[in-house]
Amino acid sequence: MRPIGALGALAAGLLCAGLAAGGAAAQEWKPARNVDIVVASSAGGSSDRTARVTQKLLQANPVFPSVSVTNRGGGGGTMAWTFLTQHPGDAHYIATFSTTMLTNNLLGMSKLSYQDFTPLSILLREYIVLAVRAESPIASAKELLERLRKDPAALSFAYSSSRGNHNHVMIGIIAKAAGADPKKTRSVIYNSGGEALAAMLGGHIDVFVGAPANPLPLMETGKVRAIGMTAAQRQPGRAASVPTFREQGVDAVFFSWRGFVAPKGLSPAQIAFWDQAFARAVQADEWKKDAEKNAWAEDLLTSAETRRHLDYENDVMAKMLVDMGVIAR
């Protein structure tokens, strides 16, 4: 996949010019009432964390009367995005989104595609961690792959929040690296990363697959062991002690991203307003602290760049899911 970081560099170069061009238009619209951030998952997962951090930062901007967060989990995000379609042209409603929006449509799980919304931003990259309980016999990526090589169904994996999403794709990548058939692996889908982690901690599942922020506190207390992270190199801050798969000899560099969409039909003035609002939010010290705390990699894309990235990644994900045997050619 083309690194979002490359797109982020492009976005950085174009952001000032774009905001200047849209500045006058942005002044023509601002929220007249509460802005509702709709979270496309249950409480406790990565989307929920992203929304609540963003809520605090937007509330610090005096142009917002108020900002609320509403969790609408279910259907791998479809419940939240369906709700958003009921408010066409209304920029007072925005929702979290990720690669799940693309894969839900590709898999036929939802008729909604990214083209049914107004993309607003991609704010960050989020790498994937595979983790086990401290008492697990699996201590490294090599041991994990060896178990899968002998029997692809030997281990169970917990992830959220829909089949075919980035976490599911990661299970397939690991299986293929082990020389195993991805279609024979065992996995269970949960509504949020928090629920998936709880299932692994309770001994119901062998391996957690998801955002690093979920298991990091338990890694620090020794209750959970990280098997590997999908970054190209070790990440700074709290995740610095987590080994990458690459340093363990496994070519598994992969990541998700998180951002926001609005209902279809927003005006140029509304889009320009949100471009400026997100650009201001990610400059805050609190955002940078939260990014480090949650092991996020900052990578702001504006509305226009987000649309272009979605066009590109939709094609890439379609090819990957065909290779995994998840969808037919």
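**Aromatic pairs, a buried strand residue and a helix contact**

The charged end of R72 sits over the ring of F83, at 3.8 Å from the ring centre (a charge counts as over a ring if NZ of Lys or CZ of Arg is within 6 Å of the ring centre and within 35 degrees of the ring normal). R125 places its charged end over the ring of F255, 5.8 Å from the centre. The model is predicted, so local features need pLDDT of at least 70 and side-chain atom pairs count only at pLDDT 80 or more, while totals for chains, interfaces and linings use all residues. Residues are numbered from 1 along each chain as its sequence is written, and side-chain values use heavy atoms, with hydrogens and water left out.

Ten aromatic pairs were found in a search of the whole structure. Rings of Phe, Tyr and Trp (its six-membered ring) pair if their centres lie within 6.5 Å; planes under 30 degrees apart count as stacked, over 60 as edge-to-face and the rest as tilted. F97 and W257 form an edge-to-face pair, with 5.0 Å between centres and 65° between planes. Because F97 belongs to strand β3 (residues 93–97) and W257 to strand β10 (residues 255–263), this pair ties together parts 160 residues apart in sequence. Strands (E, at least two residues) and helices (H or I, at least four) are DSSP runs numbered from the N terminus. F97 is buried at 2% relative accessibility, and W257 is buried at 0% (buried means under 20% relative accessible area, exposed over 50%, partly exposed in between; 1.4 Å probe, protein chains only).

F260 and F278 are stacked, with ring centres 5.3 Å apart and planes at 15°. This pair links strand β10, which holds F260, to helix α9 (residues 268–281), which holds F278, across 18 residues of sequence. Both residues are buried. Through ring pairs, F260 and F278 join W29, F64, F273 and W274 in a cluster.

I227 lies in strand β9 (residues 224–229) and is buried, with a relative accessible area of 2%. Leaving aside residues up to four places away in sequence, its contacts (heavy atoms within 4.5 Å) include L130, V132, I138, L144 and F245.

L144 also takes part in a helix contact, in which L144, L145 and L148 of α5 meet I174, A175 and A177 of α6. The contact residues comprise six nonpolar, no polar and no charged (Ala, Val, Leu, Ile, Met, Phe, Trp, Tyr, Cys and Pro count as nonpolar, Asp, Glu, Lys and Arg as charged, and the others, Gly among them, as polar).
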